[in-house]
Amino acid sequence: MKELKCPKCGNIFSVDEADYALLLNQVKTSEFEAELNRRIHELEQTQKARQQAEQARAEAEQQLKIQTLQTQMQALQAQIQQAEQQKQLAVAQVRQQATEAYMRKEQELAAVRSQTDAQLKALKEQVDYYKELKIKLSTKMVGETLEQHCATEFARIRPLFPNAYFEKDNEVLEGTKGDFVFRDSSEDGVEYISIMFEMKNENDETATKHKNEDFLAKLDQDRRKKNCEYAVLVSLLEPESELYNGGIVDMSHRFEKMYVIRPQFFVPLITLLCQTSRKSLEAKRELALIKQQQVDVTNFEEKLMAFKDGFTRNVRLANERFQDAIDEIDKTIAHLTKVRENLVKSGDNLSAADKKLQEVTIKRLTYGNPTMKAKFDEARDIEHISDKEH
């Protein structure tokens, strides 16, 4: 038997071991329920705080990634704009250089034309001298004097052509040769001009009168055999012809790069052709430079396109990584949602257990057990009597 003291009246009453165990179990069950509810509340609060912290951390990481990507995109956009400005500047420089080279070329050719016109005007005065000279000399002497005259005239301008070659053509190829060959080279040793000269003249007393065209085909062959660029016939034939007496006659419509001149135009023609060829050489070099600059611009555009492609690829990869991060966040949210559902189910189970516990009464426990019912009734009666006495 166990003795129990009433907390209200202070009376002591005895109960057997079974009743005592039953009462003790009820007390423990109530305390367990209170402790369980407290633990469940603490767990829910802890889980809620953890979820909030995880969500805040994920949002902060996502915001940091977005800011980083935005910063990278702004930097790349600035690089693209800078590259575009550099490209436009390079193109403008190339165009300006090309324009300046063209203007210089035009000015130099205009100066050459002005100088040539002045020389032609001065040299026309020598026509009478050569006509008189022709009358005075024999056929053989006229021809030799014409060659000697050209050699003497070139000797006078030799200082202007320090690298030039001007000699009689003594090499016979396939039974023919010219009279003189002229070649000149640039300072770096590049030949930029070559001329095959033929000198023709005859006295008025000569029975058979030749024309300048009679010698053009042979002169063209001699030019080709000796690998010369130009062919020039220095002639006193057809002395009354206004065509040949008027100045330098271009015969390129008959034979490529061929001219017929009077002796007084020997030096001006050499000077003109050399200047033109030199300018052509300079123009070719400038053109090569411009082409190289254009190649540089093309390379720059290719690099720019490669940079744009790389930028697009980086953006695509960043989007993929960003999407992967979002997918991971979605998976985490799904996992936390599942944990929450499990906790909710656990809470439901605890609520059901609590409900069942609340439904446990002395009446239900003593149902079908008359001994226990009598004991509890007796205890109630004692408690009732004690209350009346007090």
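This is a predicted model: local features need pLDDT of at least 70, side-chain atom pairs count only at pLDDT 80 or more; totals for chains, interfaces and linings use all residues.
**Stop 1**

Y230 belongs to strand β6, and Y259 belongs to strand β8, residues 258–261, so their pairing ties together parts that are 29 residues apart in sequence. Show the rings. Their centres are 6.4 Å apart and their planes stand at 40°, so the pair is tilted. The charged end of K257 sits over the ring of Y230, 5.3 Å from the ring's centre.

**Stop 1: F197 and F266**

The structure holds ten aromatic pairs. Another one to select is F197 with F266, which is also a tilted pair: 5.1 Å from centre to centre, with 55° between the planes. F197 sits in strand β5, residues 191–200, while F266 sits in helix α6, residues 266–358, so this pair ties together parts that are 69 residues apart in sequence. F197 is buried, with a relative accessible area of 1%. F266 is buried too, at 0% relative accessibility.

Next, display what surrounds F197. Setting aside residues up to four places away in sequence, F197 touches F166, G178, D179, F180, F182, L219, V232, V234, F266 and I270.

**Stop 2**

**Stop 3: the nonpolar cores**

Widen the view. The largest nonpolar core has 27 residues. Inside this core, the residues with the most contacts are F154, F182, F197, V234 and F266. Colour the elements that contribute: α3 (139–157), β4 (180–185), β5, β6, β8 and α6 each supply at least two residues of this core. Which element gives the largest share? Helix α6 does, with seven residues.

There is a second, separate core of 13 residues. To locate this second core, select some of its members, including V181, M196, L219 and V249.

**Stop 4: D222 in helix α4**

Move to helix α4, residues 216–225, where D222 is found. D222 is buried, with a relative accessible area of 2%. Which side chain joins that of D222 through a polar contact of 2.8 Å? Select K218 to see the partner. Beyond its neighbours within four places in sequence, D222 is in contact with T176, K177, G178, M196 and E198.

**Stop 6**

Finish in the loops. Most residues other than glycine have a negative phi. Two residues here are worth a look on that account.

Select N227, in the loop between α4 and β6 (230–235). N227 is not a glycine, yet its phi is positive, at about 55°. N227 is exposed, with a relative accessible area of 61%.

Then select E238, in the loop between β6 and α5 (242–245). Phi of E238 is near 50°, again a positive value in a residue other than glycine. How accessible is E238? At 23% relative accessibility, E238 counts as partly exposed.

Notes. Residues are numbered from 1 along each chain as its sequence is written. Side-chain values use heavy atoms; hydrogens and water are left out. Helices (H or I, at least four residues) and strands (E, at least two) are DSSP runs, numbered from the N terminus. Buried means under 20% relative accessible area, exposed over 50%, partly exposed in between (1.4 Å probe, protein chains only). A polar contact is a pair of N or O atoms within 3.5 Å; within protein, one must be able to donate a hydrogen and the other to accept it, and residues adjacent in sequence count only if both atoms are side-chain atoms. Contact means heavy atoms within 4.5 Å. Rings of Phe, Tyr and Trp (its six-membered ring) pair if their centres lie within 6.5 Å; planes under 30 degrees apart count as stacked, over 60 as edge-to-face and the rest as tilted. A charge sits over a ring if NZ of Lys or CZ of Arg is within 6 Å of the ring centre and within 35 degrees of the ring normal. A nonpolar core is a set of buried Ala, Val, Leu, Ile, Met, Phe, Trp, Tyr and Cys residues joined through side-chain atoms within 4.5 Å.
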